[in-house]
Amino acid sequence: VSSFARMFVQVCLYFYCKCLWRCLKFVVRKLTGRCELQRICYNTKPGAARTMKIEASLKGSKSKRLQTSVSVHPDAIEKTIDDIMELKRINPDINPQLGVSLQACLLQIVGYRNLIAEVEKLRREPYDSENPQHEEMLLKLWKCLKPNSPLKARISKQWCEIGFQGDDPKTDFRGMGLLGLYNLVYFAEWDTEVAQQVLSDSLQPKYSQFSKAEWEKKKFDKAIGYSFAIVGINITDLAYNLLVSGALKTHFYNVAPEAPTLIHFQQTFCYLMHEFHKFWIEEDPLDIMEFNRVREKFHKRILKQLQNPEMALCPHFAASESLINM
């Protein structure tokens, strides 16, 4: 009985709050002469704060047309804006900036959904050693990271030098599919100096409380490090989960003037790799067995940063600039 009573009270409170909220919105509109979408656009500066409020407002609307506007095709956004203005009885001639602001927000919202689909497709596509394009990308990764050390054979122990687990890297891509390779190649090709430095650091022995001679005598198999490529695939998984959970909306809505793209995601991966490397050194773990603990702590740190609506993890990257130029 008590359980039923609690459930009944919760249901009543839900409907009461929902009705109260709708009544409050109605009153505010009558007092200000502006609907919620207008108030958000006029009172909130562009970026994550505005776009996330617009997204919440559209999803929470009682109108199905407004609810579905966050999932339209990019080509239908202009028509969708016209429908919203008509539904809300807003004169576009009197409020020209509103349509522009709504369009920018919808481009980001729809673009984020499409980016998830694109990333998911790459994650689900397995590495195929019979595919020349896959093989070409893998060899490019080696050339970017080890330009002065030619790869002697496709199947080789040399792959361990850049952090793969065995003679053939294809087995290490199972968890993240092509997405892991795409990210590693992007990091190695476009942020080459940092990528090579992180790889070099990861191979340095960690002497801890022992001298170098004692360390070598005891033959400890521990490094500052970690396996560069394996960690890159693991950080790809972290970036993927941040994207799918919606946590990266704050970042992407602040750095992408319109629709976030795969390049934005890959540059975010570069940032996460660089920051994780610094974080690993700061944490000074005893050995690689502490990797999961350090990764989880790093994950929580990034999530906390992304709770700030002003947050842009890597605003200096060039992806946004290229979009603005386009």
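User: What share of the contacts in the protein chain with a separation of 6 or more comes from residues 24 or more positions apart?

Analyst: Such residues account for 65% of those contacts, where a contact means heavy atoms within 4.5 Å. The model is predicted, so local features need pLDDT of at least 70 and side-chain atom pairs count only at pLDDT 80 or more, whereas totals for chains, interfaces and linings use all residues. Residues are numbered from 1 along each chain as its sequence is written, and side-chain values use heavy atoms, with hydrogens and water left out.

User: How many helices and strands does the protein chain have, and what makes a run count as one?

Analyst: The chain has 15 helices and 0 strands. Both are DSSP runs numbered from the N terminus: a helix is H or I with at least four residues, and a strand is E with at least two.

User: How do you know that the span of helix H3 agrees with its number of residues?

Analyst: The expected span is 1.5 Å times one less than the number of residues. For the 12 residues of H3, 48–59, this gives 16 Å, and the end C-alpha atoms are 16 Å apart, so the two agree.

User: Which residues of H3 are buried, and what do they pack against?

Analyst: Buried means under 20% relative accessible area, exposed means over 50%, and partly exposed lies in between (1.4 Å probe, protein chains only). In H3, Ala48, Arg50, Thr51, Ile54, Glu55, Ser57 and Leu58 are buried. They pack against helices H2 (36–43), H4 (64–67), H5 (77–87), H6 (96–124) and H12 (249–255). Across the 326 residues of the protein chain, 43% count as buried.

User: Why is Pro74 called partly exposed?

Analyst: Its relative accessible area is 34%, and Pro74 is therefore classed as partly exposed. Pro74 lies in the loop between H4 and H5. Leaving aside residues up to four places away in sequence, Pro74 touches Val110 and Asn114. The C-alpha atoms of Pro74 and Val110 are separated by 6.7 Å, although these residues are 36 apart along the chain.

User: What makes the rings of Phe187 and Phe269 an edge-to-face pair?

Analyst: Rings of Phe, Tyr and Trp (its six-membered ring) pair if their centres lie within 6.5 Å; planes under 30 degrees apart are stacked, over 60 edge-to-face, and the rest tilted. By this rule the count comes to 16 aromatic pairs. In one of them, Phe164 and Phe173 are edge-to-face, at 5.6 Å centre to centre with 65° between the planes, and both residues are buried. The rings of Phe187 and Phe269 have centres 6.2 Å apart and planes at 90°, so this pair is edge-to-face. The pair links distant parts of the chain, with Phe187 in helix H8 (177–190) and Phe269 in helix H13 (262–283), 82 residues apart. Phe187 is buried because its relative accessibility is 0%, and Phe269 is likewise buried at 0%. One aromatic cluster is formed by Tyr226, Phe276, Phe279, Trp280, Phe291 and Phe298.

User: At what angle do H11 and H14 pack, and what is the handedness of their crossing?

Analyst: Axes are lines fitted to C-alpha atoms, for helices over the stretch in contact, and angles run from 0 to 180 degrees between N-to-C directions. H11 (228–245) and H14 (291–306) pack at about 35°, with axes 12 Å apart. A crossing is left-handed if the near helix is turned anticlockwise from the far one by less than a right angle, and right-handed if clockwise; that of H11 and H14 is right-handed. Residues making the contact include Val231 and Leu238 of H11 and Phe298 and Ile302 of H14. The contact residues divide into 8 nonpolar, 2 polar and 2 charged. Here Ala, Val, Leu, Ile, Met, Phe, Trp, Tyr, Cys and Pro count as nonpolar, Asp, Glu, Lys and Arg as charged, and the others, Gly among them, as polar.

User: Where is Ile116, and which residues does Ile116 touch?

Analyst: Ile116 is in helix H6 and is partly exposed, at a relative accessible area of 23%. Not counting residues up to four places away in sequence, Ile116 touches Leu243 and Val244.
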